[in-house]
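Thanks for coming, everyone. I'll take a few minutes on a nonpolar core and some salt bridges. Let's bring it up.

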Amino acid sequence: MSQNSQISLKIPPAVVAEARDNIIKTITLLAPYLEQLTPAERQEIAKMSDKTVAYVGKVVSYSDTNPEFCPKFLDVPELKVDYVGVEVLKPLYDLSGQLYTNIGDSMMLSGSEAYIASLSYYNNVKQAAKLNEPGAKVIYEDLRERFPGGRRKK
């Protein structure tokens with residue numbers, strides 16, 4: 001019985017190299033404009049969700065049409081710059097998230113299939129070693145290091 005395969009990932013090396021170069025080019029292109037936060041900063045910072053984007057957009061609009069309600073300390077031009085920054089980056093974020101998810105899913109599926117196939121091979125070698133098949137014990141001893149705990153006796 002053969003194993004069902006959901007994926008047969010064969011990306012030509014030239015395509016992988018071009019994709020990698022394009023990702024590096026994008027990172028380099030955007031680097032002067034992007035910031036990196038520490039994990040603690042990510043935890044502490046106020047976050048803007050999709051609903052909050054709409055809210056902030058309304059505030060930006062109202063700050064133009066009704067400036068009399070702006071606090072004196074509010075830097076409205078900077079508010080607009082920050083809001084536009086979110087609008088500009090959101091499509092790139094969504095696309096890169098889709099790419100990240102698709103690459104991760106493909107790696108997970110390929111890895112799962114390879115691991116399941118490897119376990120089949122391992123179990124076959126294990127049986128062959130029990131039957132004293134020539135060469136099987138050496139392979140089994142090497143591969144079983146992946147499972148150091150072994151089975152617990154009841």
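One definition before we start: buried is under 20% relative accessible area, exposed is over 50%, and partly exposed is in between, with a 1.4 Å probe and protein chains only. Arg144, for example, is partly exposed, at 38% relative accessibility.

Now the ground rules. This is a predicted model, where local features need pLDDT of at least 70, side-chain atom pairs count only at pLDDT 80 or more, and totals for chains, interfaces and linings use all residues. Residues are numbered from 1 along each chain as its sequence is written, and side-chain values use heavy atoms, with hydrogens and water left out.

Let's stay with Arg144. Its salt-bridge partner is Glu141, with the closest N and O atoms 3.3 Å apart. By salt bridge I mean a side-chain nitrogen of Lys or Arg within 4 Å of a carboxyl oxygen of Asp or Glu. Glu141 is partly exposed too, at 29% relative accessible area.

How many salt bridges does this rule give? The count is 5. In general, side chains of opposite charge can pair when their charged atoms come close.

Next, Asp64 and Lys80. Their side chains form a salt bridge at 2.3 Å, N to O. Asp64 sits in helix H3, residues 50-65, and Lys80 in helix H4, so this pair ties together parts 16 residues apart in sequence. Helices here are DSSP runs of H or I, at least four residues, numbered from the N terminus. Asp64 is partly exposed, with 46% relative accessible area. Lys80 is partly exposed as well, at 28%.

Then Arg20 and Asp21. Their side chains meet in a salt bridge at 3.9 Å, N to O. Is Arg20 buried or exposed? Arg20 counts as exposed, at 53% relative accessibility. Asp21 counts as partly exposed, at 46%.

There is also a network. Salt bridges link Asp50, Lys90 and Asp94.

On to the core. A nonpolar core is a set of buried Ala, Val, Leu, Ile, Met, Phe, Trp, Tyr and Cys residues joined through side-chain atoms within 4.5 Å. Which residues make up the largest one? There are 6: Tyr122, Val125, Ala128, Ala129, Ala136 and Tyr140. Two helices each give two or more residues to this core: H4, 76-130, and H5, 136-143. H4 gives the most, with 4 residues.

Look at Ala128. Leaving out residues up to four places away in sequence, Ala128 touches Glu133 and Ala136. Contact here means heavy atoms within 4.5 Å.
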